[in-house]
Amino acid sequence: QVQLVESGGGTVQDGGSLRLTCRPSGSINRIGDMGWYRQVPGKERELVATTRRDALPTYGEAVEGRFTIARDTVEHTVYLYMNYLKTEDTAVYYCSAKVGLDVFWGQGTQVTVSS
């Protein structure tokens with residue numbers, strides 16, 4: 001139904017910035033909430049940010065004030081602007097999209113912040 005492709009990951013210095021992009025395809029007219037999550041090996045996947053069609057975005061407390069999520073309302077492309085990056089932000093970042101009661105995930109993109 002929906003495929004999600006992330007891009008924009010890479011390696012940056014502590015304090016730097018990156019922009020992640022999630023481009024959906026398929027039944028994009030059925031997509032509701034979208035968001036970004038991240039995961040480090042051995043730890044639970046955690047919320048980074050979510051964006052809704054008719055509500056304010058939400059952010060995980062670890063990134064509040066540093067990251068911003070934005071959504072193209074036509075194509076439903078979702079961006080994650082990451083600023084003032086810390087080494088603790090190093091993780092695989094996954095895009096998600098809710099379609100009805102189902103949640104779809106992208107393949108993930110690696111973000112590495114070096115000191």
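A disulfide is a pair of cysteine sulfur atoms within 2.5 Å. The structure discussed here is a predicted model.

Q: How many disulfides are there by this rule?
A: In this predicted model, the sulfur atoms of cysteine 22 and cysteine 95 are 2.0 Å apart, and the two residues form a disulfide. Because the rule asks for sulfur atoms within 2.5 Å, this pair qualifies, and the count comes to one disulfide.

Q: Is the disulfide of cysteine 22 and cysteine 95 left-handed or right-handed?
A: Both cysteine 22 and cysteine 95 are buried. The torsion about their S-S bond is about -80 degrees, so the disulfide is left-handed.

Q: Does valine 78 count as buried or exposed?
A: Valine 78 lies in strand β8 (residues 78-82), and its contacts beyond the neighbours within four places in sequence include Cys22, Met34 and Trp36. Because its relative accessibility is 0%, valine 78 counts as buried.

Q: Where does aspartate 89 lie?
A: At 1% relative accessibility, aspartate 89 counts as buried, and among its contacts, leaving aside neighbours within four places in sequence, are Arg38, Arg66 and Tyr84. Aspartate 89 lies in the loop between β8 and β9.

Technical notes:
Residues numbered from 1 in each chain as written. Predicted model: local features only at pLDDT ≥ 70, side-chain atom pairs only at ≥ 80, totals over all residues. Heavy atoms only, no water. Buried < 20%, exposed > 50% of the residue type's maximum accessible area, 1.4 Å probe, protein only. Helix = DSSP H or I, 4+ residues; strand = E, 2+ residues; numbered from the N terminus. Contact = heavy atoms within 4.5 Å.
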